[in-house]
Amino acid sequence: VMTMNDGRQYQCRIVDLSLSGAAVESDAKPALGTPVTLGNMRGEVVRHFDEGVAIEFAVVQRHETLEAAFAA
């Protein structure tokens, strides 16, 4: 789930994940620079692509943190 600062939530699918950010498929395409939360990680929208957006995390994550947050 991608959450906006005002509490709106959008379902999304992670298509790429790194320690510094993620690319997500979503019908929602917040403006560049929009603060968002992906799971429990804060970040901002840094790029749009056809199927969604790229988010840069506010803090570079540790590998273990990502595994715990997004393990399916």
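Among contacts in the protein chain between residues at least 6 apart in sequence, 45% join residues at least 24 apart; contact means heavy atoms within 4.5 Å. The model is predicted, so local features need pLDDT of at least 70 and side-chain atom pairs count only at pLDDT 80 or more, while totals for chains, interfaces and linings use all residues. Residues are numbered from 1 along each chain as its sequence is written, and side-chain values use heavy atoms, with hydrogens and water left out.

The protein chain has one helix and seven strands. These are DSSP runs numbered from the N terminus (helices: H or I, at least four residues; strands: E, at least two). Along the sequence the pattern is β-β-β-β-β-β-β-α. The radius of gyration is 11 Å, close to the 11 Å that the globule rule gives for 72 residues, so the protein chain is as compact as a globular protein of that length. This radius is taken over C-alpha atoms, and the rule is 2.2 Å times the number of residues to the power 0.38. Along its principal axes, the C-alpha trace spans about 30 × 20 × 20 Å.

Of the 72 residues, 32% count as buried. Buried means under 20% relative accessible area, exposed over 50%, and partly exposed in between (1.4 Å probe, protein chains only). In soluble globular proteins, nonpolar side chains tend to be buried together. The largest nonpolar core here has 13 residues. Such a core is a set of buried Ala, Val, Leu, Ile, Met, Phe, Trp, Tyr and Cys residues joined through side-chain atoms within 4.5 Å. Met2, Val24, Val36, Leu38, Val53, Ile55 and Phe57 touch the most other members. At least two residues of this core come from each of β1 (2–4), β4 (21–25), β5 (35–38), β6 (41–49) and β7 (52–57). The most come from β7, which gives three.

Two residues show the packing in detail. Beyond four places in sequence, Ile55 touches Met2, Ser20, Gly21, Ala22, Val24, Val36, Leu38, Gly43, Glu44 and Val46. Val46 is found in strand β6. Val46 is partly exposed, with a relative accessible area of 39%. Leaving aside neighbours within four places, Val46 is in contact with Leu32, Ala54, Ile55 and Glu56. The C-alpha atoms of Val46 and Phe57 are separated by 9.8 Å. These two residues lie eleven apart along the chain.
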